[in-house]
Amino acid sequence: MSKRRIIVVGSTGSVGTQALDVLEHNATDFEVVGLAAGSQIDLLLSQALDFSVPVIGLTSPPAGGEDQIRRRLDELAAARGTRSPVREIHLGPDSAEAVAGAAADLVLNAVTGAAGLGATLAALEAGTDVALANKESLIIGGSIVLDAAARTGARLIPVDSEHSAIAQALRSGTADEVHKLIITASGGPFRGMTRDALRMVTPAQAFKHPTWTMGDVITINSATLVNKGLEVIEAHLLFGIDFDRIEVVVHPQSQIHSMVEFIDGSTIAQISPPDMRLPIAYALGTGENGETRRLRSGAEGSNWMQPMHWSFEPVNHIAFPALTLAVDAGRRGASYPAVFNAANEVLVDAFVGGRIPFTAIDEGIDQAMREHEPADEHTVETVLAADAWAREFTRDRLTARTEPVGRT
């Protein structure tokens, strides 16, 4: 049996590096044929050499361009006593899109934020299945992404642990047997805090997630519950379940990654330690016929001989209103999810930079959504225009402060 050809965009980030770890554990089954990254040149080139990758892309290239990259590649290869395998290099803002559109069996999109939309669409338009860690591209693209998949027959395969859990649980019944989806949330580092107390938390505190190790933006999104709101929209789009039948419950131990309750009252849960290599491996194991085989992930399973405690509690929507705002954006549809996401990305950057307090993130999202006037049509152009408007509005109106706020 021939190896499956895999492309990883966002390869130098948290999910991308873990995906390559899973692929290394299953080297006899997969061939990495493309990698794309943002600005971490040496790590990208090292990955290309490790996996003998012929096509690479870099969003933020060095001043010396392709010549400088090739010289560095040759230096690194010579130090290993080998030659560079890279035949094709894409540079600039469309590089991830160019790499994702190359011939492959599966593209794993691990780009952070709205920047991943182009790569998702490029892969789908090429008829290539997409393992989607970049939830934002589906959320802001909505029907555009779903229509591209339907038109070419390519599939969207969830990589987020919550949606992977739902996909696995759904194998226990048919779509019309589903009563509701239950998405679990760790509650983040500020679980139990009041709204007033949240006004004084610092970026350093927000980065201390209790159970997961993730990239900076996703970690802050987890602290605000923005990430959970985005996951509700993603679940609605991926599985075709109404928002009224999707619930979020706080589960601090992060052992149950989500659940499906069926109409007979049975609830099926997917359980594992909090390790992204498990949902990544499940996504990579999805074959051409849609069936999934379990791969070696390199992760440890649960230790059932060790005493453990699991707890569940409702979300405090007063302290963390971002979840409600996200569901509202999802219900409105059109370009509202794009505005929600774009405003959040700018506000998170401002919070990390000490220019706004933590609570200004969801307050700013709310203001941007109130001011937004959606276009009559829902196209890639109108989505990108809404994204650009939200970023400009948020930067100009909501993050103009230059003095640090709160405690350091």
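## Salt bridges in the predicted model

A salt bridge is a side-chain nitrogen of Lys or Arg within 4 Å of a carboxyl oxygen of Asp or Glu. Arg72 and Asp42 form such a pair, with their closest N and O atoms 3.1 Å apart. The model is predicted, and a search of the whole structure finds 26 salt bridges.

## A pair within helix α3

Helix α3 also holds Glu66 and Arg70, which are four residues apart, about one turn of the helix. Glu66 forms a salt bridge with Arg70, and the closest N and O atoms are 3.0 Å apart. Glu66 is partly exposed at 33% relative accessibility, as is Arg70 at 25%.

Arg155 and Asp129 form a salt bridge whose closest N and O atoms are 2.4 Å apart. This pair links distant parts of the chain, 26 residues apart: Asp129 is in strand β6 (residues 129-132), while Arg155 is in the loop between α7 (143-152) and β7 (156-158).

Buried means under 20% relative accessible area. Asp129, with 9%, is therefore buried, whereas Arg155, at 22%, counts as partly exposed.

## A salt-bridge network

Salt bridges also link Arg195, Asp196, Arg199, Asp362 and Glu363 in a network.

How values were computed. Residues numbered from 1 in each chain as written. Predicted model: local features only at pLDDT ≥ 70, side-chain atom pairs only at ≥ 80, totals over all residues. Heavy atoms only, no water. Helix = DSSP H or I, 4+ residues; strand = E, 2+ residues; numbered from the N terminus. Buried < 20%, exposed > 50% of the residue type's maximum accessible area, 1.4 Å probe, protein only.
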